[in-house]
Amino acid sequence: MEKASSPKKWQAKVSVTLTKGKPNQIWLLFTDFFNFNKWLPTLTTCHGVHGINGELGCIRFCSGSSIRSNGVESTVGWSREKLVAVDPVERVMRYEIVESNIGFESYVSTVRILPSDEEGCVIEWGFTVDPVRGWSLDDLVKKYEKALGIIAKNMEEALT
């Protein structure tokens, strides 16, 4: 149970529009849960440690340059992340950090792949997390915006 004196959770969502990737194509890349480092080069490692890739309940181990609890960039940040929801019809997936050294407590992330008015799609990446010591919510949102831009660029390049 959450204590009344605990700080309010941070919530945010970032998005990017892709012009070259159709929703189902991008969805397949995101649900390759154990290989997310293909799209985000700051992850030097990403591999499965439990379950079947992309299936509910699977767990991946990720490490690389990440946010430490003191706000310092580090190449030794790591997390274990569990896929807790997968909806292939709506193209929505949710995962949570179950263990890490990056300062995130009670972290849940939701990724949605939406059709756009054009030929492409929109990737929405939202998160809910307890405040991270040494960071502001704005700093964290900027980090997510930058990461999502890199992910989108790499995914589009892979499809062409």
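Hi everyone. Let me start with how residues are sorted here: Ala, Val, Leu, Ile, Met, Phe, Trp, Tyr, Cys and Pro count as nonpolar, Asp, Glu, Lys and Arg as charged, and the others, Gly among them, as polar. Please keep in mind that we are looking at a predicted model.

With that sorting in hand, let's go to the cavity. A search of the whole structure turns up one cavity of 30 Å³ or more. The space inside the largest cavity comes to about 50 Å³. Which residues line the largest cavity? They are Phe30, Phe33, Phe36, Arg60, Met93, Tyr95, Val111 and Trp125. Sorted by class, the lining has seven nonpolar residues, no polar ones and one charged. Arg60 is on the list of lining residues, and Arg counts as charged.

Now for the salt bridges.

Lys22 pairs with Glu119, and their closest N and O atoms are 3.3 Å apart. This pair links distant parts of the chain, 97 residues apart. Lys22 sits in the loop between strand 1 (10–18) and helix 1 (23–30), while Glu119 sits in the loop between strand 6 (108–115) and strand 7 (121–129). Are these two buried or exposed? Lys22 counts as partly exposed because its relative accessibility is 41%. Glu119, at a relative accessible area of 58%, is exposed, because exposed means over 50%.

The next pair is Arg80 and Glu99, whose side chains meet in a salt bridge at 3.3 Å, N to O. Arg80 is partly exposed at 29% relative accessible area, and Glu99 is partly exposed at 40%.

Then there is Lys153 with Glu157, where the closest N and O atoms are 2.9 Å apart. Why are these two separated by about one helical turn? Because they are four residues apart in helix 2 (residues 137–159). Lys153 is partly exposed, with a relative accessible area of 48%, and Glu157 is partly exposed as well, at 43%. Elsewhere, salt bridges that share partners join Lys13, Arg112 and Glu124 into one network.

Technical notes. Residues are numbered from 1 along each chain as its sequence is written. This is a predicted model: local features need pLDDT of at least 70, side-chain atom pairs count only at pLDDT 80 or more; totals for chains, interfaces and linings use all residues. Side-chain values use heavy atoms; hydrogens and water are left out. On a 1 Å grid over the protein atoms alone, a cavity is a set of points where a 1.4 Å probe fits but cannot get out, and a pocket is an open set with protein on both sides within 12 Å along at least five of seven lines; lining residues have an atom within 4 Å of a point. Grid points are joined across faces, edges and corners, and a volume is the space filled by probe spheres set on the points. A salt bridge is a side-chain nitrogen of Lys or Arg within 4 Å of a carboxyl oxygen of Asp or Glu. Buried means under 20% relative accessible area, exposed over 50%, partly exposed in between (1.4 Å probe, protein chains only).
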